[in-house]
Amino acid sequence: MSGLPDMCDGGDLPGRLAALAAGCPGTLAVCVSEVGGTGRVAGVNEDVELPLASTGKLLLLAAVARGVTDGELDPDEPLDLLEDDYAAGSGLLTALSARRWTIADLTLLTASVSDNTATNALLRRLGPDRVDAVAGALGLSRTRIHDRIREPRLPEHPPTFATGTARELAALAHSLAGSLAGSPGAGESWHRLMIGWMAHNTDRSLVPALLPHDAEDRRIPAGAMPYPMVWVANKTGTDTGTRADVGVLVGARRTGYAVLAHGRAGSEHALVRAIRQAGLAIAAAVHQTLSRDLANSRRPSS
């Protein structure tokens, strides 16, 4: 734990993010909600529209969560996988023999291992118009899914699966973070359903990578995390020239964040480094008051 000096100083979050963006070999877009519990938003390039890769699956997860809690979707409804659903890349279903899965199964596979085949089956079941309608109802005007998952993606296809802005995605994450407050019944039930799925995400290689956290802790925390620990529920996306991570981070406070990076092919390792450093800055901000109190308590009295 003591090997994370950046966690000890919340500092000037906007300044730190701006410095990271200036040194990134591409575009680094970051937005963090509720900085310091003040209701302020900190960010850099937060209104730049960028490819999202699988982070765009959050819109599908939101549509399923709302459908389930509204009674319009039965999580136990079985779906038969069609040949057109199968897509290479992330996921497990291309290597499994079963062809029938419930909506709940497919949703958890989408959230936990970013299963491309599960995503396509759910998109087929809900339809793109329904997913767009939910995105609009959530106030997302520039963040959209444009196509199903395709591996490979050819010139005749839409150029990317999904695009969006860090500001809109952080606002979605902020609404999810609000469901963590207080008692287990806090917030809208669809928020807590969705964040529960996101807590199963197995990819912690981006924002949380350098942060002290239990990657297997899926229990939604009732309160703050002890310094310097954090709790994370997130959804990541990876593609050529794209790395992205959107989620909820709980420390002394809770926040919703979106960190998107896009550059030329071959720059992915540098993009990952920038996102991880942004993660350190975000975690420092959510622990800022507590870490300052801790530092003050360690100073010798005069």
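Residues are numbered from 1 along each chain as its sequence is written, and side-chain values use heavy atoms, with hydrogens and water left out. Because the model is predicted, local features need pLDDT of at least 70 and side-chain atom pairs count only at pLDDT 80 or more, while totals for chains, interfaces and linings use all residues.

Helix α2 packs on α3 at an angle of about 150°, with the two axes 10 Å apart. Axes here are lines fitted to C-alpha atoms, for helices over the stretch in contact, and angles run from 0 to 180 degrees between N-to-C directions. That makes α2 roughly antiparallel to α3 (angles under 35 degrees count as roughly parallel, over 145 as roughly antiparallel, 65 to 115 as roughly perpendicular and the rest as oblique). The crossing of α2 and α3 is left-handed, meaning that the near helix is turned anticlockwise from the far one by less than a right angle; clockwise would be right-handed. Lys57, Leu61 and Val64 of α2 meet Ile103, Thr107, Thr110 and Ala111 of α3, where contact means heavy atoms within 4.5 Å. By class, the residues of this contact are four nonpolar, two polar and one charged. Ala, Val, Leu, Ile, Met, Phe, Trp, Tyr, Cys and Pro count as nonpolar, Asp, Glu, Lys and Arg as charged, and the others, Gly among them, as polar.

Helix α2 also packs on α7: their axes come within 9 Å and cross at roughly 135°. That makes α2 oblique to α7, and the crossing of this pair is right-handed. On the α2 side, the residues involved include Leu58, Leu61, Ala62 and Val64, and among their partners in α7 are Trp190, Leu193, Met194 and Trp197. The contact of α2 with α7 has 11 nonpolar, two polar and one charged residues.

Helix α1 (residues 13-23) pairs with helix α8 (residues 268-286) at an angle of about 175°, again with axes 10 Å apart. The two are therefore roughly antiparallel to each other. Leu13, Arg16, Leu17 and Leu20 from α1 meet a set of α8 residues that includes Ala274, Gln277, Ala278 and Ile282. Nine nonpolar, one polar and one charged residues make up the contact of α1 with α8.

Now for the pocket. On a 1 Å grid over the protein atoms alone, a pocket is an open set of points where a 1.4 Å probe fits, with protein on both sides within 12 Å along at least five of seven lines; lining residues have an atom within 4 Å of a point. Of its 27 lining residues, Ala53, Ser54, Glu151, Thr238 and Asp239 are the closest to the centre. The lining divides into six nonpolar, 15 polar and six charged residues, and its largest share, five residues, comes from β8.

Two cis peptide bonds turn up in loops. Glu151 is joined to Pro152 with omega about 5°, and Pro152 sits in the loop between β6 (144-145) and β7 (162-164). Tyr227 and Pro228 are joined with omega about 0°, Pro228 being in the loop between α7 and β8.

Terms used. Helices (H or I, at least four residues) and strands (E, at least two) are DSSP runs, numbered from the N terminus.
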